[in-house]
Every structure is written in structure tokens, then in C-alpha cells.
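Open the model in your viewer and keep the selection tool handy. We will walk through it stop by stop, and at each one you will hear what to pick and what is there.

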Amino acid sequence: MQRPNEEINTAELNGKGKGVAVLEKPNVGVADVSDKIVPVAETETAIAPTTETEQKQQPAEPPKKGGPNLLILGILGIGAIAASTFGYRYWQYASAHIETENATVSGHIHQVSTRINGTVSDVLVADNQQVKQGQLLVKLDPRDYQVKVQLAQAALESARRQAQAAESSVSLASQTNQGKTTQAQGDISTAQAAIGTAQAALREAQAGVPAAEAIVAQEEAGVPAAQAKVTQAESGIPQAEARVREAQAGVSGAQARLAQAEATVTKAKADLQRYNELFNEGAIAGQQLDAARQAYDVAVAQKTAAQQGIEQAKAQVAQAQQGVATAQAALAEAKEGVNQAQAKVAQAKVGIASAEAKVAQAQEGITSAQSKLEASKGGLQQAQATGQQTQVNRSQYNAALGAIAQSEATLKDAQLQLSYTNITAPAAGLIGRKSVEVGQRVQPGTPLMAIVSNEYWVTANFKETQLANMKPGQKVEIKLDAFPNHQFEGRVDSFSPASGSQFTLLPPDNATGNFTKIVQRIPVKVVFIPETVKGYESRIAPGMSAVVNVEIK
């Protein structure tokens, strides 16, 4: 504690013979408001006035020895020396230290709240309990969020199945495009060959017998065409089987939608039962109960629609299987065409005499072959257009992949919301101001408790006139009112960037015209030296009053 020096001067005696003692107080300039002054013994010398008449009336006395007066003077001299020594030493101490009582202990106070709506199912800590960072504090009822996770998982599975079906469509469309292209190119080749055959038949018919022989060759050339039709019919069977697989994939997708609808019905039914109980208890309005009942009816209707979708998918499977049977019948018919072509070869051999009649037939064959050529070119263009359908199917597949990504994000969000039902400690410390209880309904941001961390320091508010020689790192003596018999040690850590008045709700405005100069206080952060707080770690709390003494030299 800083104490100003005190000096005692004795004035000279005036004409009346009176002595006056004067107390002088030097201006040190660094004392706090709470500084105390220790009084030093004062000496006052008084001389009673005398007159000549009184001196004459008094009888003459023999002179006395000065023994008692010398003793008093000696005592007074020793006291003056002791007071001067004490004052000088205290002046040295006060000039090297700055003290203030305007100081309190500060610390980190972490507010614990919930990030979601919920009902408290379990509270695992009590007031003033020591907790670790990440320790479970409060549990919320997780059932609603578990249902959301299940719904997100069902939606993700449905999106994956839709992507598989779209991928199968892309593959099927690609194979169909290739088959149609090959078929169209084969038809063009067949038509071109038919034109050449007809032209040859015409020449052979005109030539007579050689023409008849050419007809035989022509009929023999028809056998490969019939065999090509067999090949064409055989290629139609894989297409029909691919359509069967596509229809079966549709059945799987419809079954996935049915599973999703059943999960929705289960959730809606549970919600309806819960809202019905809440309505019976008078906790909610009838409108919310009607909304829950309507959601349940919609979920049941969606389930019925999903069941109907399964039946439709099965009907498509049966239709595709019928297409397989049709393709197999076309194959049998094409094989029959091969037999017929071979029979025509034999007939052409015996029809040499009818060569002239076949001249007109050959001309007609040329026209027909040209028509087939044009039709085959149109089939090729149609096959090329089918390639565009493949691109459309690929776009649908990419959209299905996007739906999968969206479903995965929804699932992660649902899982994250579920994880928020466990409220953990953001830092290590002591539990304080616990207000949460089991069964309490909480909202996001609702304060549940506070955690006071194990790290604390002292905030000392020094006058701005005391900071001239103060800097970080200086040694500090700390006394807490709670422990008056123990002295803590610390060091200056940092200074506040502004005075305390600037951080108030309404900071002072010195430009209003009624300015009065007031000495401001600047908060200074003082940290404890760990060795000096051993044994007091759990007893020091933020808000305690402190006295801080900074050694500035």
C-alpha cells in the first residue's frame, strides 16, 4: 500500500511567544483513492505569556538543573529520527509499487444450450460437479429423430433403386439402338442385293434359257435373304428378354416405393396416436390432430398406390414375356421362309419354260427392291433417332444419381440432428446455474447450465494516471478478500484497448457541452503464477474481490 511521506516543521516563535507545528504533505501523484496515511507524532510548543508585573510578584527561585527537559528532548529527537526513517522507507516502497482495490477475479463461463427441440430424458450431472470436455451432460428423447433417420435411409434406398433402373434403361436403349442399326444396314444390303437380283433376273429372262438358269440363281440368292430374316428374328429374342428384365426391375422399384410408403404409414400412425393422446390431455388443438389424421390418410393412400404400382409392374412383366413368345414365333416363321426359299429354287429349275413371264416379274422385283431400299434407309434413320433416346435415358440416370446425392445429404442431416440429442460439455470445469430437469421441453438456445472453466485471472481497474510506468511482464502481488492470510503472485499480462466506460451500453459523449473531466480506469489483465495457487485451485471463483499491487521498478 502506497503511503505519502509526512514531515513536521516547527515555525519560529512570533512576538507573543507562541509556537506552531505545520504538517506538510508532498504530492506523490501515484496514490489510489483508498490510500491511507499513517499519522506521525506531532509536536506543538507553547510558551505562556508573562508580564513584568507578574515576574516581580513571583518570589525568586533558585535555578534548577535541566535533567527532565533534556530527557524529553532526547525522546522527541529519537521519535523524529524514527519517523523520518519510516517515512523515507515507505516513500521508496510507494514510488516502486502501484496498488488498487478495484479488482475482481475473472474466468471463462461457457453457456450450455440445446441446438434442437426436444424433451429431456436424462440429466447426468449436478450443481458444482467437475466435468471434462466432451463429457455427456444431458440426453434428449431421440425417437423422433430416429424416425427421420429411417425415412432418410428409405428414401436413399429408393433413389438407388431408381438409379439402377435408369442404368438398365440406358443399357437396354443402347443395345436396342445397335440392333436396329444393324438390322437397318442389313435391310439396305438386302434391298441392294434384291435390286441386283431383279436386274439379273430380267437379263436372264430376256436371254431365254440362260435367263431361266439365272432365275434359279436368283431363287438360290433368296435363301440367304431368308436366312437373314432368321438371324433378324433371332436377334429380336434378346431384345424381348431385355424388356422382360426391365419390367422385372420395375417390379423391384415398385416394391421399394411400397416399403417407403409403409415406413411413412408407420410414422404417420405413430404421430396420429401421439397427437391423439396429446389432444385427449388438452395439450394441443384439434387442428393439429386433424392434420395428423390427414397425414396418416395420405400415407395410407400412397401405400395403396405403391401396391397398385407393383401390380402394374407385374403386368408389364407378363406383357414382356408375351413379347418373348412372339419373337420366338417370328423365328419359327423365318425358318419356314428358308424352307420356302429352297422350294422356290426347285420350282425355278422346273420353270425355265416360263422365262418370258418372269421378265415382267423381274421388272417388278426391281421396283420392289428399290422400295425396300428406301424403307431400309428410313429404318436406319429411325435407328439413329433411337440413339437420341439413349441420351435421354442417360440424362435420367444422371438425374437419379443427383437424387442419390440429395438423399445421402438428407440422411447425414438426419443423423446430425440425432447426434444433437446428446448434449456434451464444451470445455472442462465446474457446473453452475443448472436449470434443466428431466421431462423439461427445451428449444434451441434455451440455457440449461453453465460451465466455469478452470482457467481464471484478475481484472484490475487502474486509474489512467497510474499506467505511465506499467507494462506487461511486471511482478504483481495479489490478495483475495476470501483468503486474507494468503498472498498470491502474478504478472501483468495485457491492457484493455479502451476504458471501462467505453464498453457501457451508453458511453459518455464529451461533446455535449457539459464536460467534466473524470479520471478514467483502464482494465488490466493480471494472470496468476501457478505455483502460488496450489491448494486453492478449486476455491478461487470468478467474481471474488481482490487487491492488486504492481511492482513497477
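This is a predicted model: local features need pLDDT of at least 70, side-chain atom pairs count only at pLDDT 80 or more; totals for chains, interfaces and linings use all residues.

Residues are numbered from 1 along each chain as its sequence is written, and side-chain values use heavy atoms, with hydrogens and water left out.

Of its 553 residues, 31% are buried; buried means under 20% relative accessible area, exposed over 50%, and partly exposed in between (1.4 Å probe, protein chains only). Among contacts (heavy atoms within 4.5 Å) with a separation of 6 or more, 80% are between residues 24 or more positions apart.

Next, select Val458, Phe462, Ile478, Leu480, Phe488, Ile540 and Val548. Within the largest nonpolar core, which has 27 residues, these touch the most other members. A nonpolar core here is a set of buried Ala, Val, Leu, Ile, Met, Phe, Trp, Tyr and Cys residues joined through side-chain atoms within 4.5 Å. Two or more core residues come from each of β3 (97–113), β10 (447–463), β11 (475–480), β12 (483–495), β13 (521–528) and β14 (545–551). Now centre on Leu480: which residues does Leu480 touch, not counting those up to four places away in sequence? They are Val105, Phe488, Ile540, Met544, Ser545 and Ala546. Apart from this core lies another, of 20 residues, including Ala226, Ala240, Ala320 and Ala334.

Move on to the open sheet of four strands, in the order β7-β6-β4-β9 with antiparallel pairing; two strands pair if DSSP finds at least two bridges between them. At the edges are β7 (422–424) and β9 (441–442), each pairing on one side only. Pick β6 (residues 136–140) and you will see that three bridges join it to the antiparallel β7. Val138 faces you with a handy landmark, as Ile423 in β7 stands opposite.

Now for the charges. The structure holds nine salt bridges, each a side-chain nitrogen of Lys or Arg within 4 Å of a carboxyl oxygen of Asp or Glu. Show Arg160 and Glu408, whose closest N and O atoms are 3.7 Å apart. This pair links distant parts of the chain, 248 residues apart: Arg160 sits in helix α3 (residues 143–207) and Glu408 in helix α6. Arg160 is partly exposed at 38% relative accessibility, and Glu408 is partly exposed at 31%.

While you have helix α6 (residues 357–419) on screen, find Leu416 in it. The C-alpha atoms of Leu416 and Tyr145 are 9.4 Å apart, although 271 residues separate them in sequence.

Two further salt bridges to display are Lys434 with Glu437, at 3.5 Å between the closest N and O atoms, and Arg491 with Asp493, at 3.8 Å. Then select Asp144, Lys267, Asp271 and Arg274, which salt bridges with shared partners join into one network.

For the last stop, select Leu70, Ile72, Leu73 and Leu76, which make a nonpolar surface patch of about 410 Å². Patches are built from residues with over 30% relative accessible area and no salt bridge, joining like charges within 9 Å and nonpolar side chains (Val, Leu, Ile, Met, Phe, Trp, Tyr) within 5 Å. Leu76 lies in helix α2 (residues 67–96) and is partly exposed, with a relative accessible area of 42%.

Methods
Accessible areas come from the Shrake-Rupley method with a 1.4 Å probe; for residues, only the protein chains shown count as cover.
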